Amino acid sequence: MEPDMVNSANGGAHPGARPEGIAGERPDSAREEAREPYSRVVVRPVGSPLPLGFVGLSGGTFVLAGLQLGWVPAAQSPAVALVLLAFVFPVQALASVLGFLCRDAVAATGMGVLAGTWLAMGAIMASGPPGGTNKAAGLLLLLAGLALLIPVTASGADKLVASVVLATSSLRFFLTGAYHLSGGTAWKEAAGITGLVLTAVALYAALAFEVEDVRHRAVLPTLRRGSGAGAFDGTSGHQFADVIKEAGVRREL
C-alpha cells in the first residue's frame with residue numbers, strides 16, 4: 001500500500017505519532033466535547049493507623065479511670081498527667097497524621113481531637129493541685145465531646161465499631177467535663193465507669209482493625225457498611241474513582 005494511502009487510512013497521522021490533542025490533554029473522540037487536563041496521582045500504601053490510635057486511647061482512659069475511681073491515689077495525679085503527655089498524646093497525634101495521609105479525614109479528625117484533648121488535660125493536671133478540678137478543663141472537655149460527634153456524624157455506620165469508640169469517647173469527655181464544672185462525686189464515678197467501658201471497646205477495636213489490616217479481610221466483626229465495606233470489597237477502580245476530588249489533589253481545600 002502506498003504511504004499516502006496509509007496516512008489516509010490512519011486519518012493523516014504517521015504510525016507511532018501521538019494521538020490528536022494538545023499536550024497534557026486527554027484525546028477525545030468527540031471533537032465538540034471539551035478536552036480535560038489529566039494528571040497521574042501516585043498513592044503510597046500505608047498501614048492503618050486506627051489500631052495504634054485506639055491503643056493510645058485505651059491507655060489514657062484506663063489510667064484516668066483508675067484515678068477517678070480511687071484505684072490511683074489523688075496525690076499521684078502528676079504521674080497520670082505524665083502518662084497522658086508521654087504516651088497517649090504522641091501515639092494519637094501520629095495516628096491522626098497518618099490518617100490524613102491515608103485520606104481518611106474522619107479517622108484523622110477523631111484522632112486529632114483526642115490527641116489535643118489528652119495533651120491539654122495532661123498539662124492542666126501536671127500544673128494544678130493533685131486531684132483538683134478545673135473549670136477551664138471542664139469547658140474544654142465539653143467542647144471536645146461535641147467535636148468528636150463531628151466525625152461520628154460524618155462516618156455514620158460506614159465503620160460502626162470505630163464510630164462507637166468515638167461516640168463513647170464523647171460521652172466520657174462530657175461526664176468528665178461535668179465533674180470538673182460541678183465537682184460532684186457522682187459525675188466523677190460515672191466518668192470513671194464509662195472510661196472502663198471505653199477501654200474495653202477501644203481495645204477490641206484495635207484488635208479487630210489490626211487483624212483486618214494484616215489479613216486484608218474482616219476476621220473479628222468491624223461492622224463495616226457502605227463505603228466502609230467497599231474499602232475491602234470494592235475493585236481498585238472503585239477505590240480511586242474520586243481521588244481527583246480529594247484534598248491534596250484538587251487545587252483548593
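One cavity of 30 Å³ or more turns up in a search of the whole structure. The model is predicted, with local features needing pLDDT of at least 70 and side-chain atom pairs counting only at pLDDT 80 or more, while totals for chains, interfaces and linings use all residues. Residues are numbered from 1 along each chain as its sequence is written, and side-chain values use heavy atoms, leaving out hydrogens and water.

Some terms come next. Rolling a probe the size of a water molecule over the atoms shows where empty space is left. On a 1 Å grid over the protein atoms alone, a cavity is a set of points where a 1.4 Å probe fits but cannot get out. A pocket is an open set with protein on both sides within 12 Å along at least five of seven lines. Lining residues have an atom within 4 Å of a point. Points are joined across faces, edges and corners, and a volume is the space filled by probe spheres set on them.

The largest cavity holds about 110 Å³. Its lining has 13 residues, and nearest its centre lie Leu-50, Val-106, Ala-107, Ala-162 and Leu-166. H2, H4, helix H5 (135–155) and H6 each give two or more residues to this lining. Helices here are DSSP runs (H or I, at least four residues), numbered from the N terminus. By class, the cavity lining has 9 nonpolar, 2 polar and 2 charged residues. Gly counts as polar in this scheme.

Now the second largest pocket. Its space is about 330 Å³. Of its 20 lining residues, Leu-67, Met-125, Gly-131, Gly-132 and His-180 are the closest to its centre. Helix H2 (50–68), helix H4 (105–127) and helix H6 (160–182) each supply at least two lining residues. H4 gives the largest share, 4 residues. The lining divides into 9 nonpolar, 10 polar and 1 charged.

How do the helices pack? The axes of H2 and H4 come within 11 Å and cross at roughly 30°. Axes are lines fitted to C-alpha atoms, for helices over the stretch in contact, and angles run from 0 to 180 degrees between N-to-C directions. H2 is therefore roughly parallel to H4, a label for angles under 35 degrees. Their contact (heavy atoms within 4.5 Å) includes Leu-50 and Leu-67 of H2 and Ala-107 and Met-125 of H4. This contact has 10 nonpolar, 3 polar and no charged residues.

H2 also meets helix H7 (residues 185–215), with axes within 8 Å and a crossing of roughly 160°. The two are therefore roughly antiparallel, the label for angles over 145 degrees. Their contact residues divide into 16 nonpolar, 6 polar and 2 charged.

Technical notes: Angles under 35 degrees count as roughly parallel, over 145 as roughly antiparallel, 65 to 115 as roughly perpendicular and the rest as oblique.
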